[in-house]
Amino acid sequence: MNPFSSGTRLRDMIRSIRACKTAAEERAVVRKECAAIRSAVSENDNDYRHRNLAKLMFIHMLGYPTHFGQMECLKLIASSGFPEKRIGYLGLMLLLDERQEVLMLVTNSVKQDLNHSNQYIVGLALCALGNICSAEMARDLAPEVERLLQSRDPNIRKKAALCSIRIVKKVPDLSENFMSPAAVLLKEKHHGVLITGLQLCADLCKVSEEALDYFRKKCTEGLVKVLKDVVNSPYAPEYDIAGITDPFLHIRLLRLLRILGHGDADASDCMNDILAQVATKTETNKNAGNAILYECVETIMSIEDNSGLRVLAINILGRFLSNRDNNIRYVALNMLMKAIQVDAQAVQRHRATILECVKDLDASIRKRALELIYLLVNETNVKPLTKELIDYLEVSDEEFKGDLTAKICSIVEKFPPKKIWYIDQMLKVLSEAGNYVKNEVWHALIVVISNASDLHGYTVRSLFKAFQTSGDQESLVRVVVWCIGEYGEMLVNNIGMLDIEDPVTVTESDAVDVLEIVMKRHTSETDTREMSLIALLKLSSRFPACSERIRDIIVQSKGSLVLELQQRSIEFNSIVAKHQNIRSALVERMPVLDETTYSGKRPGTLPATGSTSSGASFNIPNGVAKSAAAPLVNLLDLDSDDAPPPSSSGGDFLNDLLGVGVSPIPSMSGTSKSPTSGTDVLLDLLSVGTPPAQNNFSNDLLSMSTDNRPSVSSLDRTQSLSSQVSSPLGAAPMMDLLDSLSPTVSMTTNSLADMNLNGDNGPVHQPIVAFQSKSLKIMFSFSKEPGNPQTTLITATFINLSSNDYTNFLFQAAVPKFVQLQLETASSNILPASGNGSITQTLRVTNSQQGQKALAMRLRVSYKVNGEEGLELGQVNNFPRGL
């Protein structure tokens, strides 16, 4: 017989394909077989149609195209015999999917088979429909499937329930037709039918709220009774698995009860007793029992509050953590991470067991346990947990040290009892795994050290000792270099000794030795060497006896291939040799770094919402923090004079509450030139647009400056933004946020005469609409204080134009540098809907350049509406002249 004829058996074709030694041979065999099948299809060969389709299915499974045989499936389905229909339906499920139009042609044949007298043919049709049913087929055949749910044959009912799941997922609108039949299935004694009925009810609850309410009212008590019967049922060999009666039915019942009990107190109360019984009576020595317990715990954690049950569930998870099976421990850790949101105190009892999981050999368990420990840490247990984690850090695997170090640093920074404890723990981490620490961590440590003035001596001595044993940890070396450069004399002279310290003898030469070792070590990174050069320059002023040696060390980098090192070496050498008169002023100790500002602007942290000044502050009802010492509201969060200006690479630290930032601007010598885009970055900071020309204003108030002015670097520009007040006398001139970019504008006597003056209190101004959107309107009215023309009292009235009340209403504003702004307490933080009420708030504005510069203001309004955050941003350019 021809091996590639239609009469070739399937097993012969499979044997010939498996005998191929190369992919090319296999393709040749498949190609010849497909050609023979095509010939049989074109000749309408009825005798071997089922055999050809079986071959096509095997070829399809190998990944070759078989679309030419799709119509053969329909012909076999339309035949009368069961064997042909079986092959036809199997080919239909394998070769076609719901997206193909050929499927529309089979709807009528499936409908006839659903009404067939042979139960096996009905089963074939239900199986195919449950696998490839499209939305159109679901609508056409749903009545037949619904009828079959009431069939006498349990196999038909089971297949009909599975098919119904596919139908309600494809067409959720049909779910109401299946609610009553599905409820009847929950009373079945046949476990196979009952399991499919439970799954159908669960899917109905997911797609329809109506079905969920229906099953809660009608079926909750019945399901509890069924579960109780299953739990207490005697030994049944046909359902027994590892001594447990039908664990699959247990799990399905628990999952449906979880859906019904979630968010419903009555349903939850109804199932509390049976859940407690399942949790206490189920054996845990077999995997089937553990699966049931896990589902029971998940159900307990999902239904409404019952503290006793939840403690029982968490104790079960604690036992899971002691299991030798890695999978059981992993799912227990996953569930505990959910449980900690509900009952953290109960999870805390298993802290020791969870901590042991951090040391597990399995990497996935270690990582999950570490995440759980991080969630468990609070102010009361931070010390013992941190000690355990740091002790384990010493022996942990290299690939795990990165994750472990990140979590320890985050814990130490989040819950530090005292600064000395924070510094000690960070030094331990840097000593053990400094090469795994991110830059932000040691940056934050330096900020904390800078603010702990009473610990400077203790810290620099501790770092000096740590360097002797862990000098290969790069992050530790950088902190050591910085601290020796800043507090080297405290190290040498034992200044600031604490009671807990032992005296240590360090000479000036020993301190310089540390920096020399760092400079000469070939593993030191460029940034570390740059920091060392700066530290050496500082010590050259503080250690005069070592000045020449320090100079020799600095000069060694003169020929460095790294341009930055070379430049610093030459410049610093020049300072040491030729400019000793200014050296001491250049290398003064850095000012205290602003810890609050830095922590508020680190990546991944929220920006500070209040002033960073050290004065006493208090909160007012609308959420704006007022400072008694400095009553200026600075939304840009740059009002700290002590904060150092960020470098050009730190632009992300300048993001402010209004979502804007300062981009570095290249400095230009000579006359400043307007950018080609016609926009200035500093003007964009407040997004103040160009107001229309008014009367005798020769130039726009906020236009780009065209007069000759010396430009400043981006560092100077940033520094100029760091304060609302002008620079102290003798300091380098800072760029005024608006003044340095605009020509001097004066108002003529004619324009002043146009105003309506009211005695000594200045002009009377009409109220203005400062801002209006579809949902919010802000009105400003103005008044002057007697004898103080520069100060204006602005009464802001907020009106809600929408149909929903606004809660948590908060108004904030930003003004240029020459203006002082103080916000008074708002009348309320709830703004009624549809203009049925309003909120008023007083703004005290002092324009130090009244008559020369007009006011400009940026507004930010935040609120909650129906639980969702709302935000409005705007700017006011239409202030009356003379304010």
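Residues are numbered from 1 along each chain as its sequence is written. Because the model is predicted, local features need pLDDT of at least 70 and side-chain atom pairs count only at pLDDT 80 or more, while totals for chains, interfaces and linings use all residues, and side-chain values use heavy atoms, with hydrogens and water left out.

E501 sits in the loop between helix 26 (474-493) and helix 27 (508-520), where helices are DSSP runs of H or I with at least four residues, numbered from the N terminus. With a relative accessibility of 10%, E501 counts as buried, a term that means under 20% relative accessible area, whereas exposed means over 50% and partly exposed lies in between (1.4 Å probe, protein chains only). Apart from neighbours within four places in sequence, E501 is in contact with Y458, R461 and G496, contact being heavy atoms within 4.5 Å.

Side chains of opposite charge can pair when their charged atoms come close. A salt bridge is a side-chain nitrogen of Lys or Arg within 4 Å of a carboxyl oxygen of Asp or Glu, and by this rule the count comes to 34, including the following.

| Salt bridge | N to O distance |
|---|---|
| D12 and R9 | 3.5 Å |
| E474 and R521 | 4.0 Å |
| E869 and K864 | 3.8 Å |

The pair of E474, in helix 26, and R521, in the loop between helix 27 and helix 28 (526-542), links distant parts of the chain, 47 residues apart, and both E474 and R521 are buried. D12 is partly exposed at 27% relative accessibility, while E869 is exposed at 62%.

Technical notes
Helix = DSSP H or I, 4+ residues; strand = E, 2+ residues; numbered from the N terminus.
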